[in-house]
Amino acid sequence: MDVSNAKRLQVVLAEAGVASRRKAEELITSGKIRVNGEVVSELGTKVDPLKDIIEYQGRVLEKETRRIFLFHKPAGVVTTMSDPQGRPCVGDYISRFSFRLFPVGRLDIDVVGLLVLTNDGKFAEELLHPRYNVPRNYLAVVEGDLSRAKLNSLRSGIILEDGVGVFETATI
């Protein structure tokens, strides 16, 4: 098995939309999942979703095509798949697709910007996790004038939870 594609069986089942991870664990421990023709009942079993044949209820799981989309998020849209408050959300825009996608990261409700959507958890982690040092650039338009002291403070950087945010300023 190619170790780079190896995933826990319950993760693969969840990603394929069979069940949540917890429910997938129940399906595995109750012997309802077959991998390459053999019943698997041990949690943590690693599979290669690109090579192994995984069956549930006599159906072979389809191998998921890796998808990456760019979405221009408008203001007033929540970066989530569903919103209990009923606000418009990213999920409303992508629910028409027959395949699974999820947003990578978040943009505040009032922010307009480019958002990455994917079905690839490893890719999403590589974009988001600080250890990968992927730079992020944001453009903020501020109404009114900022004092020289405020501008200098922004240029020297602001401490964020994943490091120092350095700001460049320009007058429009």
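Predicted model: local features only at pLDDT ≥ 70, side-chain atom pairs only at ≥ 80, totals over all residues.
User: Which residues have the most contacts inside the largest nonpolar core?
Analyst: Those are L9, L13, I28, I33, V35, V47 and I54, in a core of 14 residues.

User: What does I33 touch, leaving out residues up to four places away in sequence?
Analyst: I33 touches L9, L13, L27, I28, V39, V40, I54 and Y56, and also the acidic residues E38 and E55. As background, nonpolar side chains in soluble globular proteins tend to be buried together.

User: How many residues are in the second core?
Analyst: The second core has 8 residues and is separate; V90, L101, L107 and L115 are among them.

User: Switching to the surface. Which residues form the nonpolar patch there?
Analyst: I158, L160 and F167 form the patch, and together they have about 240 Å² of accessible area.

User: Where does L160 lie?
Analyst: L160 is in strand β10, which covers residues 158-160.

User: And why does L160 count as partly exposed?
Analyst: Because its relative accessible area is 44%, and partly exposed covers values between the 20% limit for buried and the 50% limit for exposed.

User: Where is N36, in terms of strands?
Analyst: N36 sits in the loop that runs between β2 (33-35) and β3 (38-40). With a relative accessible area of 43%, N36 is partly exposed.

User: What about phi of N133?
Analyst: N133 also has a positive phi, near 50 degrees, and is likewise a residue other than glycine. N133 is in the loop between α4 (121-128) and α5 (148-156).

User: Is N133 buried or exposed?
Analyst: N133 counts as exposed, because its relative accessibility is 63% and the cut-off for exposed is over 50%.

User: Last one: D92. Which helix is D92 in?
Analyst: D92 is in α3, residues 90-94. D92 is partly exposed, at 48% relative accessible area.

User: How far apart are D92 and V77 in space?
Analyst: The C-alpha to C-alpha distance between D92 and V77 is 9.4 Å, and they are 15 residues apart in sequence.

How values were computed. Residues numbered from 1 in each chain as written. Heavy atoms only, no water. Helix = DSSP H or I, 4+ residues; strand = E, 2+ residues; numbered from the N terminus. Buried < 20%, exposed > 50% of the residue type's maximum accessible area, 1.4 Å probe, protein only. Patch = residues over 30% accessible without salt bridge, like charges linked within 9 Å, V, L, I, M, F, W, Y side chains within 5 Å. Areas by Shrake-Rupley, 256 points an atom, 1.4 Å probe, with all protein chains shown as cover. Salt bridge = Lys/Arg side-chain N within 4 Å of Asp/Glu carboxyl O. Core = buried A, V, L, I, M, F, W, Y, C linked by side-chain atoms within 4.5 Å. Contact = heavy atoms within 4.5 Å.
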